Amino acid sequence: MTFLDLFDSLYSPANDDKVIKLARELPALPKSIIIVDVSGSMELPNGAYSRLKIAAALAAEIKLRAGAPLYASSGLDSDQSHMTEQLNYDGFNLWLALRRACYDFGGGGIFLEKAVKHVSHYHVRPDRLYILTDEQNSYSPTFGKEVIVIDVGNRPYEELRDAVN
C-alpha cells in the first residue's frame with residue numbers, strides 16, 4: 001500500500017493510522033521544508049489522479065519522514081499577488097487542506113520566488129527544500145543545501161517517489 005492508495009480511499013481514522021505507520025517503516029529524511037504548488041493547474045489530471053493528489057501523497061510522506069514544515073503556495077496571475085501558508089495537518093486532513101488552499105488562494109499561478117522568500121523568513125536553511133509543482137515557473141531557488149523540484153505534471157507516482165529519497 002502506498003500513500004497515494006491511502007489518499008485515494010475513503011477517509012477513515014484507520015487510514016490516517018496506516019499513513020503514519022507506513023511513514024515510520026521508511027527511513028527518516030534529513031531536515032527539510034516542503035512547498036506545494038496549489039495553483040489551478042494542479043487540479044489537472046496526471047493519469048488517474050490529479051496532480052494535486054499526487055503532490056499531497058508525496059508531501060505527506062516527506063512531512064512525516066522528515067518532520068518537515070509544509071507550505072501551500074499560489075497566487076493570482078492578474079496582479080501577481082501571492083499567498084503562502086503553513087499547513088499543520090497530517091494524513092487525510094493534509095489532502096483536504098491542500099484542496100481547500102487550491103480554491104482559497106485564487107487558483108492562479110505559482111510564484112516560487114515569492115514563496116521561497118516567505119518561507120526563508122521563518123526557517124533557517126534546511127538540508128533539503130522540496131518543491132512539489134507542475135513546473136510552470138522558471139525560478140531556481142538557492143534556499144536549501146539541496147533543492148529537489150518534483151514535477152508532478154506528467155510522471156507516474158511510482159517514479160516520482162524515487163525523487164523523495
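View 1. The model is predicted: local features need pLDDT of at least 70, side-chain atom pairs count only at pLDDT 80 or more, and totals for chains, interfaces and linings use all residues. Residues are numbered from 1 along each chain as its sequence is written, and side-chain values use heavy atoms, with hydrogens and water left out. Strands (E, at least two residues) and helices (H or I, at least four) are DSSP runs, numbered from the N terminus. S1 and S6 (residues 128-133) run parallel and are joined by 5 bridges; two strands pair if DSSP finds at least two bridges between them.

**View 2. Strand S1 (residues 32-37) is largely enclosed by the rest of the structure, because 6 of its 6 residues are buried.** Buried means under 20% relative accessible area, exposed over 50%, and partly exposed in between (1.4 Å probe, protein chains only). In a regular strand the side chains alternate between the two faces of the sheet. Ser32, Ile34 and Val36 point one way from S1, while Ile33, Ile35 and Asp37 point the other way.

**View 3. Strand S4 is joined to both S1 and S5.** S1 and S4 run parallel, with 4 bridges between them. Serine 73 in S4 is the bridge partner of aspartate 37, and serine 73 also stands opposite threonine 84 in S5. S4 (residues 70-76) and S5 (residues 81-86) run antiparallel and are joined by 6 bridges. These two strands form a hairpin with 4 residues between them, and glutamine 80 in the turn has a positive phi of about 60 degrees.

**View 4. Helix H3 (residues 51-66) packs with helix H4 (residues 91-104) at an angle of about 130 degrees, their axes 9 Å apart.** Axes are lines fitted to C-alpha atoms, for helices over the stretch in contact, and angles run from 0 to 180 degrees between N-to-C directions. H3 is therefore oblique to H4 (under 35 degrees counts as roughly parallel, over 145 as roughly antiparallel, 65 to 115 as roughly perpendicular and the rest as oblique). The contact (heavy atoms within 4.5 Å) includes Leu52 and Ala56 of H3 and Trp95 and Leu98 of H4.

**View 5. The axes of helices H3 and H6 (residues 157-164) come within 11 Å and cross at roughly 30 degrees.** This angle makes H3 roughly parallel to H6. Ile54, Ala57, Leu58, Glu61, Ile62 and Arg65 in H3 meet Tyr157, Leu160, Arg161 and Val164 in H6.
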